[in-house]
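This briefing is meant to be read with the sequence and the coordinates side by side.

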Amino acid sequence: MAQSTETDWVSRFADDVIAESERRAPGKPVVVASGLSPSGPIHLGNLREVMTPHLVADEIRRRGYEVRHVLSWDDYDRYRKVPNGVAGVDASWAEHIGKPLTSVPAPAGSPHPNWAEHFKAAMTDALAELGVVYDGISQTAQYTSGAYRDQVLHAMRHRGDIDAILDRYRTKDKGKGKGQGKGQGKGPGQGPKQQQKQQKPVDEAEIEAAEGSGAAAEDDGGGAGGYYPYKPYCGQCGKDLTTVTGYDDETTELTYTCTACGFGETVRLSEFNRGKLVWKVDWPMRWAYEGVVFEPSGVDHSSPGSSYVVGGQIVREIFDGVQPIGPMYAFVGISGMAKMSSSKGGVPTPADALKIMEAPLLRWLYARRRPNQSFKIAFDQEIQRLYDEWDALGRKVADGTVLPADAAAYSRAVRTAAGELPGTPRPLPYRTLASVADVTAGAEKQTLRILGELDPSRPLASLDEVRPRLDRAEYWISSQVPVEARTVVRGEPDKELLGSLDEQSRESLRLLLEGLGEHWSLDGLTTLVYGVPKVIAGLAPDAKPTPELKAAQRAFFALLYRLLVSRDTGPRLPTLLLAVGEDRVRTLLGA
């Protein structure tokens with residue numbers, strides 16, 4: 001497919017990244033990076049931290065280059081607070097605050113060995129379903145194995161230089177967090193005024209989605225006893241509530257005390273692996289260590305004193321490296337989040353989204369918008385419109401009428417450099433599948449009957465033809481549509497209503513019943529239900545609608561809904577009629 005470098009943001013970034021990688025390290029693999037902290041449920045805002053470099057990396061792979069997408073699991077970060085609404089977790093988990101995430105017990109009943117692994121697991125499964133290829137790196141493993149020992153010793157030798165860099169910003173800004181998706185600082189590290197200067201005002205759902213675990217500002221290593229960019233975890237209580245009181249560059253002997261339990265000891269940092277660099281030093285150290293060329297970051301990093309701004313100087317002046325290029329990405333909002341958060345205590349995760357939508361659609365939502373553009377992911381009725389838009393795009397791609405940038409976004413959604421993502425063989429409209437699922441409550445035999453009657457010229461042989469889309473629509477109905485809003489077909493005719501109808505209404509029902517057999521398909525019933533009010537008005541069945549005719553159609557539809565489901569509205573009438581079945585429709589309409 002043709003791509004436009006004027007409008008396709010992924011191609012533009014790929015061009016820049018390839019050129020920058022060749023400038024820095026000719027002939028070597030291109031390195032892009034993401035970072036996630038498994039401090040709690042990893043939400044859809046954090047997914048942008050992974051999808052942005054993934055899409056760029058995948059484009060570079062398509063061009064034949066070798067690419068490494070490093071995904072750092074910041075699982076050696078401290079456990080900061082007990083998140084709300086996590087099943088199997090109570091107030092007793094507060095005793096673990098200050099320990100590494102990999103040293104905190106997993107929620108009760110979890111099959112995973114610790115807190116970090118529990119929350120990594122759901123994200124790992126979601127990324128696999130989304131076709132994201134990456135090189136996962138546990139920061140616990142890196143630090144405890146001594147992989148960063150030389151870097152740690154180097155930082156300690158140059159602690160005065162690091163302190164001087166940080167001091168340039170301490171009076172300007174009191175230490176920003178990491179940004180949405182950057183380790184512990186998963187939330188925005190800026191106030192509402194600063195946030196509004198960076199982008200259009202966001203609504204409450206977007207702010208809440210962006211905040212995630214709401215990390216506190218990151219300690220930069222400063223203290224009354226001098227500056228040390230390294231934080232040991234206590235040898236007795238395992239927490240990072242420690243203060244370094246002395247360090248000898250020659251022997252690498254480091255002395256610390258713990259304010260939590262009173263323990264203190266002297267260790268040789270050349271042999272000691274139970275601690276980590278503070279975040280504002282750790283992040284730039286890793287840029288240099290991995291040779292990262294491209295890494296996005298949250299919008300808060302445009303502010304003075306942010307980890308990204310300070311890190312650019314630290315990586316250059318201390319670690320002799322180069323700061324990655326990459327965009328600041330905007331927040332991801334959620335429509336329909338209130339229903340979910342009321343029961344789950346948090347914002348939706350990629351795993352939640354993949355239960356109600358197919359992976360290509362979720363990929364498309366991230367691919368079609370530039371990183372600095374906010375967008376929303378729908379968990380409410382809007383998902384039906386999104387699917388309509390997605391299906392319309394697919395038809396334009398098939399017939400060659402699609403715009404180049406839209407074609408590129410579609411291609412990135414349905415396939416990666418490794419091949420096509422699994423899809424639904426016969427993708428019937430999501431709203432139709434949801435309407436059928438609403439009426440049948442998942443009864444497979446009835447669902448197959450209804451879907452098989454949608455198009456008699458192409459009868460459905462098996463529900464497998466409409467999966468996994470059908471499964472997603474069924475889950476959406478069962479999890480997101482309130483019980484009181486579900487469709488319940490009447491068991492008996494509404495004799496009182498039928499007996500009160502005027503002559504015109506009775507004639508409308510007679511014409512509908514008379515045409516059922518001949519029009520028993522989705523298209524046929526659509527023509528029939530819209531045509532009956534036209535005939536009643538003395539018009540041809542294909543007459544163009546007028547305001548008066550539209551009012552008559554609405555009144556006729558409301559009558560049918562009341563007779564079928566005892567409400568004034570419901571699923572699209574042609575779908576509802578098919579779902580109810582011809583015999584039962586005749587009974588309920590008084591035949």
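The points below are grouped by topic and concern a predicted model.

- Three strands build an open sheet in the order 1-2-3, and the pairing is parallel; strand 1 (30–36) and strand 3 (135–138) are the edge strands, each pairing on one side only.
- Neighbouring strands of this sheet are turned against each other by 25 degrees on average, with direction ignored.
- Strand 1 and strand 2 (residues 67–73) are paired in the parallel sense over 7 bridges, and within this pairing Gly-35 stands opposite Ser-72 in strand 2.
- Helix 3 (residues 115–129) packs on the sheet and touches strand 1, strand 2 and strand 3, while its direction makes about 160 degrees with that of strand 2.

- Strand 5 and strand 6 pair in the antiparallel sense over 5 bridges, and Val-244 stands opposite Tyr-256 in strand 6.
- Most residues other than glycine have a negative phi, whereas Thr-252 has a positive phi of about 60 degrees although it is not a glycine.
- With a relative accessibility of 9%, Thr-252 counts as buried.

**Cysteines**

- The structure holds 0 disulfides; Cys-237 is in none, and the nearest cysteine sulfur, that of Cys-258, is 3.6 Å away.
- Because a disulfide requires sulfur atoms within 2.5 Å, the 3.6 Å between the sulfur of Cys-258 and that of Cys-237 is too far for a bond.
- Cys-258 is itself buried, having a relative accessible area of 5%.

- Ala-441, in the loop between helix 16 (430–440) and helix 17, has a phi near 55 degrees, a positive value in a residue other than glycine; in contrast to the buried Thr-252, Ala-441 is exposed, with a relative accessible area of 71%.
- Leu-463 has its place in the loop between helix 17 and helix 18, and this residue is buried, with a relative accessible area of 6%.
- Leaving aside residues up to four places away in sequence, Leu-463 touches Glu-444, Thr-447, Leu-448, Leu-451 and Leu-470; the C-alpha atoms of Leu-463 and Glu-444 are separated by 7.9 Å, although these residues are 19 residues apart along the chain.
- The loop between helix 17 (444–452) and helix 18 (469–480) also holds Pro-468, and the peptide bond from Arg-467 to Pro-468 is cis, with omega near 10 degrees, whereas most peptide bonds are trans.

**Helix 22 and its surroundings**

- Helix 22 (residues 547–565) has 19 residues and reaches 27 Å from its first C-alpha to its last, close to the 27 Å expected at 1.5 Å a residue.
- Its buried residues include Leu-549, Gln-553, Phe-556, Phe-557, Leu-560, Leu-564 and Val-565.
- An α-helix has 3.6 residues a turn, so residues three or four places apart point the same way; among the buried residues of helix 22 are Leu-549, Gln-553, Phe-556 and Leu-560.
- The cover over the buried residues of helix 22 includes helix 19 (495–499), helix 20 (503–515), helix 21 (522–536), helix 23 (573–580) and helix 24 (582–588).
- Just after helix 22, Ser-566 takes a positive phi of about 60 degrees.

Key
Residues are numbered from 1 along each chain as its sequence is written. This is a predicted model: local features need pLDDT of at least 70, side-chain atom pairs count only at pLDDT 80 or more; totals for chains, interfaces and linings use all residues. Side-chain values use heavy atoms; hydrogens and water are left out. Helices (H or I, at least four residues) and strands (E, at least two) are DSSP runs, numbered from the N terminus. Buried means under 20% relative accessible area, exposed over 50%, partly exposed in between (1.4 Å probe, protein chains only). The expected span of a helix is 1.5 Å times one less than its number of residues. Contact means heavy atoms within 4.5 Å. Two strands pair if DSSP finds at least two bridges between them. Axes are lines fitted to C-alpha atoms, for helices over the stretch in contact, and angles run from 0 to 180 degrees between N-to-C directions.
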